[in-house]
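Here are some notes for a colleague who is opening this structure for the first time. Please keep the sequence and the model side by side while reading the numbered points.

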Amino acid sequence: MTLATINPTTGATEVLVKRHDRVETLERIDEADVAARKLRSTTFEQRARWMHAAADILTDQAEGLGELITVEMGKPIQQSVAEVHKSAKAMRFYADHAEEFLAEVPLEDPAVVGASRAWTCYESLGVVLAVMPWNYPIWQVVRFAAPALMAGNAGLLKHASNVPQAALFFDTLFERAGFPGGSFRTLLIGGSEVADVLSDPRVKAVTLTGSEAAGRSVASIAGDNIKKSVLELGGSDPFIVMPSADIASAAVTAVRARISNNGQSCIAGKRFIVHTDVYEEFAEAFVAHMSALVVGDPLDPSVDVGPLATRGGRDDLMELVDDAVAKGAEVLVGGYVPEGDGFFYAPTILAGLDGSMRVVQEETFGPVASLYRAESAEDALRIANQTSFGLSSSVWSTEPEEQSWFLRNLDAGAVFINGMTVSYQELPFGGIKRSGYGRELAADGIREFCNLKTVWKA
Ligand code: NAP
């Protein structure tokens with residue numbers, strides 16, 4: 001049984017990797033468990049040194065790793081290399097700030113609880129399992145691994161099946177950087193084997209980034225075993241444009257927000273909701289910029305949009321567009337599979353949408369934008385909040401009261417005002433509704449997998 005790197009640009013199988021069997025999986029859980037005990041007695045200073053060394057490896061190998069990402073999942077090469085540098089930066093961030101984020105917090109007046117001293121501290125949990133997606137094959141793993149290891153946990157990675165080379169890179173990375181052997185191990189297994197791993201008493205918690213279906217399944221296994229879970233799931237983020245906005249800038253940013261990572265980002269603007277007073281002006285600029293994109297081989301630095309990561313993903317996207325068109329949606333640009341090899345889909349804008357179309361409720365994971373006309377701010381908010389997702393959102397308005405009204409009323413884990421959503425290591429990241437629960441990044445991300453221990457002393 002194997003896992004394969006299938007190059008989405010050509011459709012050709014490039015590399016086959018043997019899966020781990022049950023015995024190998026159990027050995028790896030065991031190694032991680034032993035490492036977790038060792039890590040618990042290391043200092044922040046030691047772990048920070050190792051984490052910086054791991055970041056150095058990423059920085060040194062950025063070009064090669066970038067190429068590997070592009071060959072495995074089709075991201076344009078500059079974005080792949082940027083992903084590696086961003087990941088190294090996050091590793092250094094947690095190396096430098098973990099101790100401060102996990103510092104003891106004393107109760108100012110311990111006498112009120114009858115103590116001479118009372119405080120809280122954060123302890124590691126042990127082995128944490130990460131189930132990760134292919135869309136940012138390095139960044140998604142690092143934003144789990146860096147805080148988890150800096151908190152003194154060990155990590156097990158079940159990466160997406162279509163990125164086995166990225167998965168194998170992580171199998172040795174942290175050990176090469178100095179962490180005790182077994183501190184971070186890859187499990188080359190399928191989704192159906194996650195239940196066995198998560199039910200193992202040595203595994204204390206799980207974090208999953210991926211689809212709603214995978215999240216539901218993993219969260220219910222965690223629930224059965226009374227284990228902590230964090231879910232980062234899909235999104236159908238609104239991008240709201242109001243009359244006071246800089247329309248030219250909003251239209252340029254809208255295209256970037258929608259096509260970054262070939263449109264396969266959870267926090268991409270996917271539904272563009274434009275006030276009727278500026279709808280025509282915005283739509284014209286949006287269509288012009290979308291039409292000018294260069295689609296092609298993602299290893300060519302002049303290309304803006306590469307293929308979708310998998311044939312299945314491309315076909316799902318095609319079905320969503322075809323469903324909308326069959327029910328009367330208007331295609332302003334794109335709407336077709338380009339001729340030739342690979343899993344490409346043309347950058348597309350759909351308009352004239354109604355609730356009977358799947359695209360109104362479901363996530364479009366690829367370069368397909370939905371354009372909506374809103375009659376008022378209230379109407380824009382209604383459209384924005386009408387999906388079951390609640391990851392991030394973007395509001396374009398220069399009126400302070402309008403900005404505050406939207407930011408208070410949008411059902412989302414984040415609001416970006418006059419900008420597109422981006423993940424920053426300094427800011428917490430996560431969603432509400434069916435986009436999941438829990439937070440990654442910043443101080444909140446490292447505290448998710450710690451035991452907040454209360455201490456009372458007579
Ligand atoms: P996916 O099919 O859910 O896969 C994600 C991971 O879950 C993979 O490792 C996959 O393994 C595993 N998996 C799938 N079904 C499983 C199950 N029943 N039990 C246990 N594990 C299971 O999602 P994807 O297609 O890779 O990624 C796209 C989705 O991720 C989109 O919805 C996107 O919005 C979301 N996403 C969210 C965030 C966020 O931070 N909120 C970030 C990135 C992506 P196999 O590959 O072996 O199936």
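1. In this model, which is predicted, leucine 129 is in contact with Leu156, Lys158, Leu187, Val194, Val197, Leu198, Val203, Ala205, Val206 and Thr207, once its neighbours within four places in sequence are left aside. Apart from these surroundings there is the question of the core as a whole: which residues have the most contacts inside the largest nonpolar core? They are Leu58, Met91, Leu129, Phe170 and Phe174, in a core of 85 residues. Helix α4, residues 77–101, gives the most to this core, with eleven residues.

2. Apart from it lies another core, of 27 residues, and Ala254, Val255, Val278 and Met290 are among its members. In soluble globular proteins, nonpolar side chains tend to be buried together.

3. On the domains themselves, the assignment gives domain 1 as 2–233 + 435–457 and domain 2 as 237–426. Their C-alpha centres lie 30 Å apart, and 32 residues of domain 1 are in contact with 32 residues of domain 2.

4. The pairing of helix α2 (residues 44–60) with helix α5 (residues 139–150) deserves a look, as their axes come within 9 Å and cross at roughly 155 degrees. With the cut-off for roughly antiparallel set at over 145 degrees, that crossing makes α2 roughly antiparallel to α5. Phe44, Arg47, Ala48, Met51 and Leu58 of α2 make the contact with Val142, Ala145, Ala146, Leu149 and Met150 of α5. Sorted by class, this contact has nine nonpolar residues, no polar residues and one charged residue. Leu58, named here on the α2 side, is also one of the residues with the most contacts inside the largest nonpolar core.

5. Not counting residues up to four places away in sequence, threonine 209 touches Val131, Met132, Pro133, Gln140, Glu232 and Glu440.

6. Arginine 185, found in strand β7 (residues 184–186), is likewise buried, with a relative accessible area of 11%. When its neighbours within four places in sequence are left aside, arginine 185 is in contact with Arg28, Glu31, Gly155, Leu156, Leu157, Asp171 and Glu175.

7. The buried residues are Ala377, Asp379, Ala380, Leu381, Ile383 and Ala384. What do they pack against? The buried residues of α13 pack against β10 (237–241), β11 (269–275), β14 (368–374) and α14 (400–409).

Notes:
Residues are numbered from 1 along each chain as its sequence is written. This is a predicted model: local features need pLDDT of at least 70, side-chain atom pairs count only at pLDDT 80 or more; totals for chains, interfaces and linings use all residues. Side-chain values use heavy atoms; hydrogens and water are left out. A nonpolar core is a set of buried Ala, Val, Leu, Ile, Met, Phe, Trp, Tyr and Cys residues joined through side-chain atoms within 4.5 Å. Buried means under 20% relative accessible area, exposed over 50%, partly exposed in between (1.4 Å probe, protein chains only). Helices (H or I, at least four residues) and strands (E, at least two) are DSSP runs, numbered from the N terminus. Contact means heavy atoms within 4.5 Å. Axes are lines fitted to C-alpha atoms, for helices over the stretch in contact, and angles run from 0 to 180 degrees between N-to-C directions. Angles under 35 degrees count as roughly parallel, over 145 as roughly antiparallel, 65 to 115 as roughly perpendicular and the rest as oblique. Ala, Val, Leu, Ile, Met, Phe, Trp, Tyr, Cys and Pro count as nonpolar, Asp, Glu, Lys and Arg as charged, and the others, Gly among them, as polar. Domain bounds come from an automatic or database domain assignment.
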